[in-house]
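The sequence and structure come first.

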Amino acid sequence: MGAALATNPELAARKARLAAVRQGVPLALADAFPQVVGTATAERFDRDDPSGRLTGSEERETWRGGGSVQQLLYSSGRVRAAVSQARSEYRDDAALYREATSQLLVQTVRAYADVRQARAALAAQLATQENLEAQKRYVAANQKRGFLTVTDVAQADARIAASRAQVARATAAVVAAERAFIRVVGRPAGDLPPADSLQTLPQSLDEAYAIAARNRQVAEGARQQVRAAEAAIDLARSSGGPRLTLEAASFFDNAFNGPQADRVIDDTVAMRLTIPVFSGGAARARTAQQRALRNAARLDLAFTLRQVEEGVTNAWFALDAARVARQSAEEEVAAAELAVKGVKREQENGLRSVFEVLDQEQALLNARLAAARAERDVAVAERQVLFEIGSLSCGSCEVPAKR
């Protein structure tokens, strides 16, 4: 999990976009601070009037410099609404980033468990192939002595041929699982021990619902979208209100190399009040538009909460089913191993046919494959429950340092 969080490029891209969204807050606050502008102008004026009928020829070089300060005093709540909207949008994106982090952890668990399942399936196929080859040797030896027939040898050969194909498919599945692991985690899968059984799961489905309602980040993001929509209403309403600013400016100009006494200085201090009188109903339309979007955001929140509850329910019962399947698979493997030993002994005493031994080997293989799949399903289902309730994190894992 630590390697996945440190190296996954998709998550890094989301983090970069989150940093960009975060700048929306200082951008919204900027209007509340003084706006200072400095200007400087250098000008050369050249008039050529040979006839002298106008003002005659003239050449002059002048410069002008100065600065102005503007301070917003009142904006009908525009700055406050813009800041509130920007903060809600950032919190929405932050919640979605945390949701993406949890999704990456779920993908990591699946990739981890898939590699273990694929390797276990390959090991089971190889063990079965080895047992079938041993059975063929036994059948061939007894066929030479006249105890078994060519048909028995053919049955063994057919099972071995099928086993080779299954081994090839299992090998390809291991390669695919390991490549998926590299894509998610960023490094090859080494020796992967069994995933620990979690002890921090909710004790009841109702408790899981309550935790999900509080912690699930996709729901928190939907709540922040509602808050951003409410701030957008205030922002749209403020566009039709008065705006009061305090302005101060000082400009001075003179000719290049001109005497200091000829310098002209203009100082201005003013209060500017802007009141929109008529805008064709634009402010009212924008406000109504944002109210409709706010209502849509509230409905999206309600739908998101339904989806969260559905996800919790499905994950909860999927975990119950996976645990039952694991227990059944473990019992099936133990019974199948015992049955294989018994059938082989009975075969040695002439009480079982070759076909029955081969069938029991297939039953043992199926049990081992089911056990590998059940182990995988339990590991994923436990983390899926944590994801659905918003509690899946990597707080205890070691994140590798960047190289």
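In this predicted model, the chain has a radius of gyration of 38 Å, whereas a compact globule of 403 residues would have one near 22 Å. Along the principal axes, the C-alpha atoms fill a box of roughly 135 × 55 × 40 Å. Further values for the whole chain are listed below.

| Property of the chain | Value |
|---|---|
| Residues that count as buried | 33% of 403 residues |
| Accessible surface | about 24,000 Å² |
| Part of the accessible surface belonging to carbon and sulfur atoms | 53% |
| Distance between the mean positions of the 53 positive and 49 negative charges | 2 Å |

The chain contains nine helices and four strands. Their order along the sequence is α-α-α-β-β-α-α-α-α-β-β-α-α. Of the contacts between residues at least 6 apart in sequence, 82% join residues at least 24 apart.

Helix α5 covers residues 150-185, which is 36 residues.

Which residues of α5 are buried? They are Asp152, Val153, Ala156, Ile160, Ser163, Val167, Ala170, Val174, Ala177, Phe181, Val184 and Val185. The cover over these buried residues includes α1 (2-7), α4 (78-144) and α9 (354-388). Just after α5 comes glycine 186, with a positive phi of about 95°.

Conventions
Residues are numbered from 1 along each chain as its sequence is written. This is a predicted model: local features need pLDDT of at least 70, side-chain atom pairs count only at pLDDT 80 or more; totals for chains, interfaces and linings use all residues. Side-chain values use heavy atoms; hydrogens and water are left out. Helices (H or I, at least four residues) and strands (E, at least two) are DSSP runs, numbered from the N terminus. The expected span of a helix is 1.5 Å times one less than its number of residues. Buried means under 20% relative accessible area, exposed over 50%, partly exposed in between (1.4 Å probe, protein chains only). Contact means heavy atoms within 4.5 Å. The radius of gyration is taken over C-alpha atoms; the globule rule is 2.2 Å times the number of residues to the power 0.38. Accessible areas come from the Shrake-Rupley method with a 1.4 Å probe; for residues, only the protein chains shown count as cover. Lys and Arg count as positive and Asp and Glu as negative; His and the chain ends are not counted. The place of a charge is taken as NZ of Lys, CZ of Arg, CG of Asp or CD of Glu.
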